[in-house]
Amino acid sequence: MIPFATVEAAEEALGRSMTWVEAAWFRYSASTPDYCLCFHNFVILFACYTLTPLPLALLELCAPAKLTTPYKLQPRVRRRLSPVAFLRCYTDTARVLLLLTMGPLLLIPYPVVKISGIRTGLPLPSPGEVAVQLLVYMLMEDYLGYWFHRCLHSEWFYDKIHYVHHEFRAPMGFAAAHAHWSESLVLGFAAFVSIVLVPCHITTCWLWFAIRGAVGVEIHCGFSFPFSPTKLIPFYGGAEFHDYHHHYGGKWNHSNLAPLFTFCDYIYGTHRGYRHHNEKIIKDTANITFENEGFDGSKRWRQD
């Protein structure tokens, strides 16, 4: 932090007046040790994991089937998860996050964070700087996460580690972080290494962990809403893309491995199973004959 006791002294050092956001950050960060600012990452990530899936969990548990069925992905129609399954998934994952993975991962490397150049003082990053850094983090984490995930589907790693995450063939939001503790460490490293390679402000770091936690919940939620803003993101996989991986998942399933986008799967050919699956659905749908009155007034019509 800029070593000044007042806002006026900090403005004199900056050579300009601070915005209200910078003034608020100055007052907060000046009285908060950098170690605690770094620990906020864990609090934000855990809050995202706890709160983001809650509305979707309540929707699935409490809403009538006729309301949720149009938005449910195909595997979820076959099996309705019980409240006990939701609770067990949440408690098991919370225990792993708190005691074995994200807690130690975010506390232990604090000296590394400081050495890497992550800053906590003024000035705050501009929106353009934040956007570019987040894009770089997403691309780097997606590429590393793809290869980590691909390794986890080899025989030894799947039998010993990755099978825990695939316990839910029809995943839900709380299953986003439901994994073996060693897998959580590896995937957490993939999200953390990009920050070390491309240092940022600590507030950008908070935003990155919040986005990564929310995205993990979204791709595991099992719902495909047509009005979701994520459908506007180019090459974004989303819930439908990843739900195929879980439903047809297993030791030898090497389809739809990338955690965020789809280009790694297309580049390395691990999208073929999903592509053939969609082509078969389209073909089967085209051969359906409906016994209701058609658009031309006939009693039978065929969907093209």
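Guide: A residue counts as buried under 20% relative accessible area, as exposed over 50%, and as partly exposed in between, with a 1.4 Å probe and protein chains only. By that criterion, 47% of the 304 residues of the protein chain are buried. The model is predicted, so local features need pLDDT of at least 70 and side-chain atom pairs count only at pLDDT 80 or more, whereas totals for chains, interfaces and linings use all residues. Residues are numbered from 1 along each chain as its sequence is written, and side-chain values use heavy atoms, with hydrogens and water left out.

The protein chain holds 16 helices and two strands, taken as DSSP runs numbered from the N terminus (helices H or I, at least four residues; strands E, at least two).

Consider helix H2 (residues 20–30), in which Glu-22, Ala-23, Trp-25, Phe-26 and Ser-29 are buried. Viewed down the axis of H2, these buried residues fall within an arc of 165°, so they line one face of the helix; the arc is that of the directions from the helix axis to the C-beta atoms. The face turned away from the buried side of H2 carries the exposed residues Trp-20 and Arg-27. The cover over the buried residues of H2 includes helix H1 (7–14), H3 and H13, where contact means heavy atoms within 4.5 Å.

Two of these covering helices also meet each other: the axes of H3 (residues 34–51) and H13 (residues 202–220) come within 9 Å and cross at roughly 20°. That makes H3 roughly parallel to H13, a term for angles under 35 degrees.

Conventions
Axes are lines fitted to C-alpha atoms, for helices over the stretch in contact, and angles run from 0 to 180 degrees between N-to-C directions. Angles under 35 degrees count as roughly parallel, over 145 as roughly antiparallel, 65 to 115 as roughly perpendicular and the rest as oblique.
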